[in-house]
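Student: I have a structure open and want to go through it with you. Can we start with the ligand and then move on to the pockets?
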Amino acid sequence: MIQDVEKYLQEVESFRTADAKELENFRIKFLGKKGIINDLFAQFKSVPKEDKPKYGQLLNKLKKTAEEKVKTLRAQLEAAEATAPSGEDLTRPGYPYPLGARHPINIVKNRIIDIFRRIGFNVSEGPEIEDDWHNFTALNLPEYHPARDMQDTFFIQRHPDWLLRTHTSSVQIRYMESHDLPIRTISPGRVYRNEDISARSHILFHQVEGLYIDTDVSFADLKQTLLYFTEEMFGKSKIRLRPSYFPFTEPSAEVDIYWGLKTEDDYRITKGTGWLEIMGAGMVDPNVLKNMNIDPEKYSGYAFGMGIERIAMLLFGIPDIRMFFENDVRFLEQFKSVL
Ligand code: DAH
């Protein structure tokens with residue numbers, strides 16, 4: 001009988017499996033209610049007296065070994081299951097995250113900001129709902145000034161003094177109110193005008209305003225800055241300044257860049273002249289400085305303002321301004337690779 005137990009002990013010790021079912025069968029065979037071990041315990045009575053201590057010892061060892069065997073094999077099986085390949089090919093490359101695209105308006109805005117930052121301009125912003133003072137009066141456009149009609153304004157009915165700003169020049173005023181001199185700032189933002197919507201004009205669009213005020217700022221400084229900007233932005237180094245009129249600058253100019261006349265597109269875009277208007281600019285009118293309590297005898301400055309849509313249309317060959325505001329993903333997706 002002792003030999004039987006020893007035989008079983010050997011069997012248990014040498015048992016190996018990587019199969020859950022086989023392990024369960026093993027457990028039932030030895031440790032089940034009607035299993036071998038219980039059976040051997042039942043036979044204890046009939047073991048000769050002198051063999052009893054050895055038999056009991058061996059049997060206990062058999063039970064313990066069997067229990068431990070089941071425990072370790074079960075743990076091994078579970079661990080193997082957790083790391084088992086699920087049938088997928090783990091060497092395949094992962095799915096790429098879909099790439100988003102910046103809006104072309106933001107692309108152009110960021111480029112403009114970047115170019116002016118390099119020469120010491122900071123970025124400032126102002127509210128889109130403005131009052132008459134900041135949008136018109138302080139900018140040397142008093143009530144009944146005919147130039148107010150040039151900018152078809154959306155007024156806010158319940159507040160006769162409030163309107164949607166027609167240009168980012170209003171930020172010039174806000175900035176001068178709240179900052180000491182010298183000032184060197186650009187102000188990007190959305191503006192509104194009550195115009196018919198077409199391929200060329202919209203009721204909302206974006207501008208970037210620039211303002212520089214210090215002692216001894218001259219028209220030559222303005223020209224040099226504009227030249228630097230057009231070279232960086234368009235890679236074109238020929239500009240011309242046409243005399244113009246803005247109430248907030250004196251003298252005022254419209255800035256054209258020489259775009260060239262190489263392709264049919266160049267002819268179309270420049271209407272056959274080769275020249276393209278890209279912004280308004282000028283020396284800050286002394287009246288504006290006086291409105292801000294800045295002494296025009298001591299300080300001078302220049303200002304400029306440009307439309308972002310117009311520049312984006314030029315750079316990316318976009319034919320219709322309405323495309324910027326429709327949020328058609330087929331349009332927006334095309335700017336994925338542009339920074
Ligand atoms: N505010 C003008 C507009 O909306 C643009 C402009 C022209 C801004 C000349 C300026 C400037 O600062 O000096 O059309």
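Student: How far is an oxygen atom of the ligand from an N or O atom in the side chain of Arg193?
Tutor: The distance is 2.8 Å. Keep in mind that this is a predicted model.

Student: What about His167, which ligand atom does its polar side-chain atom lie 3.0 Å from?
Tutor: A nitrogen atom of the ligand.

Student: And Ala303, is it the backbone or the side chain?
Tutor: The backbone: an N or O atom there lies 3.2 Å from a ligand oxygen.

Student: Which residues come nearest the ligand overall?
Tutor: There are 16 residues around the ligand, and the nearest are His167, Ser169, Arg193, Gln207 and Glu209.

Student: OK, pockets. What's the volume of the largest pocket?
Tutor: About 1,400 Å³. Its lining has 50 residues, with Glu277, Ile278, Met279, Gly307 and Arg310 lying nearest the centre.

Student: Which elements give two or more residues to that lining?
Tutor: Several strands and helices, including strand S6 (204-214), strand S9 (275-284), strand S10 (300-307), helix H7 (169-178) and helix H11 (308-316). S9 gives the most, seven residues.

Student: How does the lining of the largest pocket split by class?
Tutor: It has 22 nonpolar, 15 polar and 13 charged residues.

Student: And the second largest pocket, what's its volume?
Tutor: About 250 Å³. It is lined by 14 residues, and Asn106, Lys109, Gly189, Arg190 and His206 are the closest to its centre. Helix H5 (104-117), strand S5 (183-192) and helix H12 (323-326) each give two or more residues to this lining.

Student: What classes are in that lining?
Tutor: Four nonpolar, five polar and five charged.

Student: How many bridges join S3 and S4?
Tutor: Two, in the antiparallel sense, with S4 covering residues 159-164. Phe155 has Leu163 in S4 as its bridge partner.

Student: Last topic, domains. Where are the bounds?
Tutor: Domain 1 is 2-83 and domain 2 is 105-335, from an automatic or database domain assignment.

Student: How far apart are the centres of the two domains?
Tutor: Taken over C-alpha atoms, the centres of domain 1 and domain 2 are separated by 90 Å.

How values were computed. Residues are numbered from 1 along each chain as its sequence is written. This is a predicted model: local features need pLDDT of at least 70, side-chain atom pairs count only at pLDDT 80 or more; totals for chains, interfaces and linings use all residues. Side-chain values use heavy atoms; hydrogens and water are left out. On a 1 Å grid over the protein atoms alone, a cavity is a set of points where a 1.4 Å probe fits but cannot get out, and a pocket is an open set with protein on both sides within 12 Å along at least five of seven lines; lining residues have an atom within 4 Å of a point. Grid points are joined across faces, edges and corners, and a volume is the space filled by probe spheres set on the points. Helices (H or I, at least four residues) and strands (E, at least two) are DSSP runs, numbered from the N terminus. Ala, Val, Leu, Ile, Met, Phe, Trp, Tyr, Cys and Pro count as nonpolar, Asp, Glu, Lys and Arg as charged, and the others, Gly among them, as polar. Two strands pair if DSSP finds at least two bridges between them. A residue is near a molecule or strand if one of its heavy atoms lies within 4 Å of it. A polar contact is a pair of N or O atoms within 3.5 Å; within protein, one must be able to donate a hydrogen and the other to accept it, and residues adjacent in sequence count only if both atoms are side-chain atoms.
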